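Reader: I have a chain open and want to go through it with you. Can we start with how surface patches are defined?

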Amino acid sequence: MLFLVVALLLLGIILGSAAYLPWAVTLVVGAVIVAWLVVFAGRERRRRDRTRRA
C-alpha cells in the first residue's frame, strides 16, 4: 500500500509540473508510472490468487 501512495504522490508531482515540462518528458514519465502500477497490480493479483488456493 505504501508503494501505491508513493506512486500517486509522484504522479501528482509530475502532473503539477507538467505545465513546465515538455510534452515528451511528461508522457515518458507518465508511461513509466503507469507501467509500474500495472506491474504492481499484477503482482498483487497473483499473490492474492496464491493465498486463496492455499
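Author: Patches are made of residues with over 30% relative accessible area and no salt bridge, and nonpolar side chains are joined within 5 Å. The model is predicted.

Reader: Which residues make the nonpolar surface patch here?

Author: Leu2, Val5, Val6, Leu9, Leu10 and Ile13 make a nonpolar patch of about 580 Å².

Reader: Take Leu9. Where is it, and is it buried or exposed?

Author: Leu9 sits in helix α1, which covers residues 2–17. Leu9 is exposed, because its relative accessible area is 56% and the cut-off for exposed is over 50%.

Reader: Back up a bit. How many helices and strands does the chain have?

Author: There are two helices and zero strands.

Reader: And what share of the residues is buried?

Author: Of the 54 residues in the chain, 9% are buried. The accessible surface of the chain is about 4,800 Å², with 72% of that belonging to carbon and sulfur atoms.

Reader: Now Ile33. Buried or exposed, and why?

Author: Ile33 is buried, because its relative accessible area is 11% and buried means under 20%. Ile33 belongs to helix α2, residues 23–53.

Reader: What does Ile33 touch, leaving out residues up to four places away in sequence?

Author: Ile33 touches Ala7, Leu10, Leu11 and Ile14. Leu10 is also one of the residues in the nonpolar patch.

Reader: How far apart are Ile33 and Ala7?

Author: In sequence, Ile33 and Ala7 are 26 residues apart. In space they are 6.9 Å apart, C-alpha to C-alpha.

Reader: How are Arg47 and Glu44 placed in helix α2?

Author: Arg47 and Glu44 are three residues apart in helix α2, so about one helical turn separates them.

Reader: What are the relative accessibilities of Arg47 and Glu44?

Author: Arg47 is at 47%, so Arg47 counts as partly exposed. Glu44 is at 26% and counts as partly exposed.

Terms used: Residues are numbered from 1 along each chain as its sequence is written. This is a predicted model: local features need pLDDT of at least 70, side-chain atom pairs count only at pLDDT 80 or more; totals for chains, interfaces and linings use all residues. Side-chain values use heavy atoms; hydrogens and water are left out. Helices (H or I, at least four residues) and strands (E, at least two) are DSSP runs, numbered from the N terminus. Buried means under 20% relative accessible area, exposed over 50%, partly exposed in between (1.4 Å probe, protein chains only). Accessible areas come from the Shrake-Rupley method with a 1.4 Å probe; for residues, only the protein chains shown count as cover. Contact means heavy atoms within 4.5 Å. Patches are made of residues with over 30% relative accessible area and no salt bridge: like charges are joined within 9 Å, nonpolar side chains (Val, Leu, Ile, Met, Phe, Trp, Tyr) within 5 Å. A salt bridge is a side-chain nitrogen of Lys or Arg within 4 Å of a carboxyl oxygen of Asp or Glu.
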